[in-house]
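Dear colleague,

I am passing on to you the structure that we spoke about, and below it you will find my notes on what turned up. Please read them with the model open beside you.

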Amino acid sequence: MTTGHVQEFACFTDYDKELVCHWKVPAQANCSKEFLLYYRHEGFSARQVFNKINNECVPKTGKDSLRCTCTIYRDYFVSGLTYILSLQFNGTDMWNYTVTPALVVKPRAPKNLSVQKVESGNFILSWEESYSSHSILSGLPVIYEVKYWRKQHPTEISVKAIKYQATSFEITAGSLRRGYDYVASVRCNYTDYPAYWSEWSEEVEFHCDYQVKAEDILQMAVPVSCILIMAVSVICYFCFTKYVTYCS
């Protein structure tokens, strides 16, 4: 969305404590001095849009200096709640915007990600949901994505989707390259509020020192042996047919 000095205005919520709105601005913009965001709940008195005590949000400049961010804090959210926003630029009203938090849920990333190597040589990733038992999202159906990659090759990423309610994932040692360091992360999406995936969680690192076992060698030896037997059989067949042709 583009209006004057504002581009790509959008909002999202963790559906627990805060509603975050952000928009793109020129590099030289000073968010806290040039912009002001007023808000009210749908159905409240229209004059509350301009209540500078309870209903204003002073934006902050983002880390890249190209985005303004305003965070509206609330004790709770409900499915029917709608916000009407009014943005000012240097004291002049620019436009109004309506947002329903239930339609723009971006959940918090899973927390306390850890990795443990088990007796089989595999690695178990474990994490926790980021919401307390009092949250609307707590206990609702959630899906996760796990990604992991060799630390030395960050572009070669494996992504695994977990379609059931779980807070752990097993990475088989056989799917990893021995002697390398690996990095893993996880994110989530609540199926009742699917607008956005969460950010990726904090990363964990682990080292794959998987040792090839006798059964692994046997598993590899059987198909290799079959291929060799077939190859020798074909060679023998051609040699035999040539010999017969030569003798005749």
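**C21 and its surroundings**

Leaving out residues up to four places away in sequence, C21 touches F9, A10, C11, L37, C68, T69, C70 and L85. Please keep in mind throughout that this is a predicted model. C21 has its place in strand β3, which covers residues 18-24, and with a relative accessible area of 0% it is buried. One of its contacts, T69, is 48 residues away in sequence, yet the C-alpha atoms of C21 and T69 are 5.8 Å apart in space.

**The chain as a whole**

The protein chain contains two helices and 16 strands, and of its 248 residues 36% count as buried. Its accessible surface comes to about 15000 Å², and carbon and sulfur atoms hold 55% of that area. Among the contacts in the chain with a separation of 6 or more, 61% are between residues 24 or more positions apart.

β8 and β9 form a hairpin with two residues between the strands, in which N90 takes a positive phi near 50°.

Five bridges join β10 to β11, and the two run antiparallel; Q116, for instance, has I124 as its bridge partner in β11. These strands make a hairpin with five residues between them, and G121 in the turn has a positive phi of about 95°. On the other pairing of β11 (residues 123-128), four bridges link it to β14 in the antiparallel sense, with S126 standing opposite S168 in β14.

**The nonpolar core**

Which residues touch the most other members of the largest nonpolar core? They are Y83, L85 and W127, out of the 51 residues that this core holds. Strand β15, residues 181-190, gives the most to the core, with five residues. Domain 1 (7-103) and domain 2 (111-208) both give residues to the core, so it lies between them.

Leaving aside neighbours within four places in sequence, W127 is in contact with P110, K111, N112, L113, Y144, V146, I162, A166, T167, S168, F169 and V186.

Strand β15 is also joined to β16 by four bridges, and these strands run antiparallel, with Y182 standing opposite F206 in β16. Strand β16 (residues 204-207) has a covered face made of V204 and F206, and an uncovered one made of E205 and H207. As background for reading this pattern, the side chains in a regular strand alternate between the two faces of the sheet.

**Backbone angles to check**

Y15 has a positive phi of about 60° although it is not a glycine; it is placed in the loop between β2 (6-13) and β3, and with a relative accessible area of 1% Y15 is buried. N112, which is not a glycine either, has a positive phi of about 55° and lies in strand β10, and N112 is also one of the residues in contact with W127.

With best wishes

Technical notes: Residues numbered from 1 in each chain as written. Predicted model: local features only at pLDDT ≥ 70, side-chain atom pairs only at ≥ 80, totals over all residues. Heavy atoms only, no water. Pairing = 2+ DSSP bridges. Core = buried A, V, L, I, M, F, W, Y, C linked by side-chain atoms within 4.5 Å. Buried < 20%, exposed > 50% of the residue type's maximum accessible area, 1.4 Å probe, protein only. Domains from an automatic or database assignment. Contact = heavy atoms within 4.5 Å. Areas by Shrake-Rupley, 256 points an atom, 1.4 Å probe, with all protein chains shown as cover.
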